[in-house]
Each structure stands twice: as C-alpha cells, then as structure tokens.
Amino acid sequence: MDKGQNMDYLLRMRLFLWLGTLSFFSPAFGEPRIPKEPNLPTMPNDESKEPRNARGEKESAESKVLNVTLCDGRTVRGESTSGSQTIHFEHTKDGILYKKKLNVNELDSIKIDSWEFKLKREEKKGTTYEVLPKKIRIRTKNGEVFYKETGLSDLKLLNIEIKNNNGETTVFTYWVDLKFPDGKWYSGLPMTKSDVSFREDCLKDVVKMIEWE
C-alpha cells in the first residue's frame, strides 16, 4: 500500500469511528426506540351506548325508583337511570309472535325465569360461560303479562345502577361461571346435564326480579 492509499484508508477509518461514536451517544442516531404495544380492539358494549328513540334522538335519562330482588331473597331499593325509556320486544301469545312497545312508566315488573349458557372461552381448568337471562316475564301496571325468550340485553338491563342512602352500587342480571371437566360449577350451583343449555336457578348475588314503583 503506497502513501496516498494509506492516508485515504486512515481518513476513512477516522470517519467511520467518528460516525460510530456519534451514533452511540446521540439518541437521534443510535438509541433504539422501544416499540409500543398496539391498542387492542375492543368489542362495543351495547349497554354503554346512549339510548335513542326511533328518530335517532337521545332519550333523557329519567331517574326511576326500582326495587330489585336478588336470587337469595335480598332486596335493593333506590333510584336508577338504567334501562331504556321505551322498550321494544317480541313476545308470543297463544302461539302467535307479536311486536310490542312499552314506555318505562307502564312497567310494573320484570322477572327472570331462566338463564342460558353462552360459551366464553376454554380454560386450563374447564370452560367459562356467561350465564345470561333467557326467559323473562314482563308485567305492566294494568296487569298485562308478556313472555319474552330473548333475554334482557336488548332492554339494556344486564347492569343496573342504583343510588340510595347507602351510596351507589351496580347489580347484575347475569354472571360468569366456570364449568369443570367433571361437570361441577365453580359457583357451587348444582350440576346440569351436558345437553341442557339453560338453568332456572341462579347465583345468589344476581338479580331475579326488577320492580318499578
């Protein structure tokens, strides 16, 4: 290597070392950025949506006095804005399917007669289910009774917020349970047959009946 080539080599090495040093100490050049975890998509919660009427207008959240009865007989009474001001549902009368609309002021009570199992996910210890209201009885203040077999989610009554002298609380008309491989339930409720997709008994802390005053 002649003298000119040697000088050129040394200059290139110095430039390389200088750039390397700069990238090591400078965040703009050399510091690796920790990748941020992407935001996971979330399922929309129908009950969190603001209720609207048929014209798309927001319904006012009028406070109502409710008395709810839990599955073990305990009761909770207080003011609540949960649920829609107007409910639309289908029911069967004498084998004929009808569509019905009721204002909340017409309601006397809703009683849950059964809950259905909705598969949530497989776990190491068994299978997790959401146990959701299935068959319900709607009674109006004038004594009419309607039987509905599609639960309460469309009536926005899976979660019920109540406020009284004790403070504020949320009660639920459904629960999540784990079924072990031997057929037993984590909740301690009686076993159900494998081909049965619903149950009529319920967890003690779950709402069994809602009454409007």
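**A disulfide, a hairpin and a cavity**

Visitor: Why is the disulfide of C71 and C202 called left-handed?
Guide: The torsion about its S-S bond is about -115 degrees, so the disulfide is left-handed.

Visitor: What does that bond tie together?
Guide: C71 lies in the loop between β1 (64-70) and β2 (75-80). C202 lies in the loop between β13 (198-199) and β14 (207-212). So the pair joins parts that are 131 residues apart in sequence. Strands here are DSSP runs of E, at least two residues, numbered from the N terminus.

Visitor: What kind of model is this, and how are residues numbered?
Guide: The model is predicted: local features need pLDDT of at least 70, side-chain atom pairs count only at pLDDT 80 or more, and totals for chains, interfaces and linings use all residues. Residues are numbered from 1 along each chain as its sequence is written, and side-chain values use heavy atoms, leaving out hydrogens and water.

Visitor: What makes C71 and C202 a disulfide?
Guide: The S to S distance is 1.9 Å. A disulfide is a pair of cysteine sulfur atoms within 2.5 Å, so C71 and C202 qualify. The structure holds one disulfide.

Visitor: Is C71 buried, partly exposed or exposed, and what about C202?
Guide: Buried means under 20% relative accessible area, exposed over 50%, partly exposed in between (1.4 Å probe, protein chains only). C71 has 23%, so C71 is partly exposed. C202 has 13%, so C202 is buried.

Visitor: Why is T69 called buried?
Guide: Its relative accessible area is 18%, so T69 counts as buried.

Visitor: Where is T69, and what does T69 touch?
Guide: T69 sits in strand β1. Leaving aside residues up to four places away in sequence, T69 touches R74, T75, V206, V207, K208, M209 and E211. Contact means heavy atoms within 4.5 Å.

Visitor: How do you know that β1 and β2 pair?
Guide: Pairing takes at least two DSSP bridges. β1 and β2 have six, in the antiparallel sense. T69 stands opposite T75 in β2. The two strands form a hairpin with four residues between them. In the turn, G73 has a positive phi of about 100 degrees.

Visitor: How many cavities of 30 Å³ or more does the structure hold?
Guide: One. The largest cavity has about 60 Å³ of space. A cavity is a set of points on a 1 Å grid where a 1.4 Å probe fits but cannot get out. Its volume is the space filled by probe spheres set on the points.

Visitor: Which residues line the largest cavity?
Guide: Lining residues have an atom within 4 Å of a point. Among them are K64, L66, S82, I87 and W212.

Note on methods
On a 1 Å grid over the protein atoms alone, a cavity is a set of points where a 1.4 Å probe fits but cannot get out, and a pocket is an open set with protein on both sides within 12 Å along at least five of seven lines; lining residues have an atom within 4 Å of a point.
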